[in-house]
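Here's a quick briefing on the fold, the core, the charge pairs and the surface of this chain. Have a look at the model first, then read on.

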Amino acid sequence: MEHWELIAREQVRDTVAAYNHSGDRFLLDELAACFTVDGVLESKGDWAARGRAEIVRTLSGVRATEPVAAAAGAAAGARRPAVVRHFLTNLRFEEVTPERIRTSAYFAVLTAAGLDHWGRYRDVLVPAEGRWLFAHRVVRTDAMVPDSPFQRRD
């Protein structure tokens, strides 16, 4: 393995962690900054958002149980659970080139009520803005508890 690849893999791990930590705190602008300017966040079979502003708008539609302070960077009236923790496992590097990295991983999301939902990430990251950012992230939720606060509003 060459030195550039070690650095790239660590930068990818940092981007993945920044996405989850930002999502846990409902810091949607920070989460969207993990994507390229025209990056795509896709919920498989449900919706896709292209670009940072659309990602923020789409994720602002998540219903939940606690108001979010406007100072936290959330949309007015947005709500979220009091406790959200994403756990990621088995991050696998499927393709690594200097221009593109493809990964896959499993995730589970816990709230104060316990396990809420779980599934898989399929990602394509590219070098941009001095780091590796998502060009495309597909989130596939395998299952969700019946009253999950993460169900989309209609």
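Let's start with a pair in helix H1: Glu5 and Arg9 both sit in this helix, four residues apart, which is about one turn of the helix. Helices (H or I, at least four residues) and strands (E, at least two) are DSSP runs, numbered from the N terminus. Keep in mind that this is a predicted model, where local features need pLDDT of at least 70, side-chain atom pairs count only at pLDDT 80 or more, and totals for chains, interfaces and linings use all residues. Residues are numbered from 1 along each chain as its sequence is written, and side-chain values use heavy atoms, with hydrogens and water left out.

**Salt bridges**
- Glu5 and Arg9 form a salt bridge, with their closest N and O atoms 2.9 Å apart; the term covers a side-chain nitrogen of Lys or Arg within 4 Å of a carboxyl oxygen of Asp or Glu.
- Both Glu5 and Arg9 are buried, where buried means under 20% relative accessible area, exposed over 50%, and partly exposed in between (1.4 Å probe, protein chains only).
- The structure holds 10 salt bridges.
- Another one joins the side chains of Glu94 and Arg102, at 3.2 Å from N to O.
- Glu94 counts as partly exposed because its relative accessibility is 34%, and Arg102 is partly exposed too, with a relative accessible area of 29%.
- Glu94 and Arg102 also belong to a salt-bridge network with Arg92, Glu95 and Arg100.
- Arg140 and Asp142 pair up through their side chains as well, at 3.8 Å from N to O.

**Overall fold**
- The chain has three helices and eight strands, and along the sequence they follow the pattern α-α-β-β-α-β-β-β-β-β-β.
- Of the 154 residues in the chain, 40% are buried.
- Among contacts (heavy atoms within 4.5 Å) with a separation of 6 or more, 49% are between residues 24 or more positions apart.

**Core**
- The largest nonpolar core has 26 residues, and those touching the most other members are Val12, Tyr19, Phe35, Leu41, Ile55, Leu59 and Phe134.
- Helix H1 (residues 3-24) gives this core its largest share, four residues.
- A nonpolar core here is a set of buried Ala, Val, Leu, Ile, Met, Phe, Trp, Tyr and Cys residues joined through side-chain atoms within 4.5 Å.
- Leaving aside residues up to four places away in sequence, Leu59 touches Phe26, Leu28, Leu31, Leu41 and Trp47.

**Loops and backbone**
- Phe26 lies in the loop between H1 and helix H2 (28-32), and its phi is near 60°, a positive value in a residue other than glycine.
- Phe26 counts as buried because its relative accessible area is 6%.
- Asn90, in strand E5 (residues 84-96), also has a positive phi, near 55°, but Asn90 is exposed, at 52% relative accessible area.
- Ser60 is in the loop between helix H3 (52-59) and strand E3 (66-67), and a polar atom of its side chain lies 2.7 Å from the backbone oxygen of Val56.
- Gly61 is in the loop between H3 and E3 as well; its C-alpha atom is 9.2 Å from that of Phe150, 89 residues apart along the chain.

Conventions
Polar contact = N/O pair within 3.5 Å; in protein donor to acceptor, adjacent residues only side chain to side chain.
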